[in-house]
Amino acid sequence: MITTIVIVLVVLYFAKDLITDIFQSNEVDPLEAGVKDAAVVEGKFTPLTLKKYNGSDHPKIFMAVKGKVYDVSQGASFYGPGGPYENFAGRDASRGLAKNSFDLNMLTPLDQPIDDLKDLTKEEIESLESWEEHFEMKYKIVGTLNEPQE
Ligand code: HEM
């Protein structure tokens with residue numbers, strides 16, 4: 001009787017390993033699949049804590065659009081060091097996207113409150129909203145952008 005139980009347990013043990021192996025072999029290695037699929041800790045960012053996710057101080061690239069923080073690491077050719085939109089990396093890109101400009105003066109200085117975007121025109125708001133749709137479709141949200149004391 002005991003022998004039977006032991007055999008059953010051993011079989012179950014190996015079956016579990018085999019099943020786990022089968023499932024794992026179907027999974028794509030996150031490191032090879034590109035950063036989008038790698039686990040990202042969701043969180044609350046402030047302009048200062050977001051800043052380091054710029055592709056040089058940290059391998060991940062995060063960017064805020066209308067209060068949401070996206071992991072845009074997959075678009076490193078756009079946002080990484082030397083890319084055309086590198087100014088947006090680790091920053092709130094909302095104003096630049098609304099005004100279709102990647103100039104440095106589109107960025108809110110880090111010691112100032114988060115841009116409330118109140119002065120945007122209807123067209124600029126629409127432009128920002130269509131960018132927002134683009135980012136929601138393409139990238140994973142990893143958190144929100146908040147004032148430091150919140
Ligand atoms: C000089 C004129 C510009 C050219 C030739 C240009 C070209 C491009 C090209 C070829 C793409 C890739 C499209 C794709 O493969 O999906 C792109 C994407 C993009 N462009 Fe531009 N662009 C220009 C100006 C701007 C400006 C002024 C902004 C500022 C907001 C901007 C922001 C972006 C963003 C945010 C993306 C999306 C990247 C992503 O999907 O993560 N572009 N641009």
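A salt bridge is taken here as a side-chain nitrogen of Lys or Arg within 4 Å of a carboxyl oxygen of Asp or Glu. This is a predicted model, in which local features need pLDDT of at least 70 and side-chain atom pairs count only at pLDDT 80 or more, while totals for chains, interfaces and linings use all residues. Residues are numbered from 1 along each chain as its sequence is written, and side-chain values use heavy atoms, with hydrogens and water left out.

**View 1. The salt bridge between K99 and E124.** The side chains of K99 and E124 meet at 3.1 Å, N to O. Because K99 lies in helix α5 and E124 in helix α6 (residues 122-138), the pair ties together parts that are 25 residues apart in sequence; helices (H or I, at least four residues) and strands (E, at least two) are DSSP runs, numbered from the N terminus. K99 is partly exposed, at 31% relative accessible area, whereas E124, at 15%, counts as buried. In these terms buried means under 20% relative accessible area, exposed over 50% and partly exposed in between, with a 1.4 Å probe and protein chains only.

View 2. The N to O distance between the side chains of E126 and K122 is 3.2 Å. Both residues lie in helix α6, four residues apart, which is about one turn of the helix. E126 is partly exposed at 41% relative accessibility, and K122 is exposed at 59%.

**View 3. The buried pair K60 and D71.** A salt bridge of 3.7 Å, N to O, joins the side chains of K60 and D71. K60 lies in the loop between α3 (47-51) and β2 (62-65) and D71 in strand β3 (residues 68-71), so this pair ties together parts that are eleven residues apart in sequence. Both K60 and D71 are buried.

**View 4. A network of salt bridges.** K66, K68, E132 and E136 are linked in a network of salt bridges. A search of the whole structure finds eight salt bridges.

**View 5. The iron atom of the ligand and Y85.** The protein supplies a single donor to the iron atom, Y85 (OH), at 1.8 Å. Donors are N, O and S atoms within 2.8 Å of the metal (3.2 Å for Na, K and Ca), and water is not among the atoms, so sites may look incomplete. Y85 is placed in the loop between α4 (76-79) and α5 (94-99), in a protein chain that has six helices and four strands.
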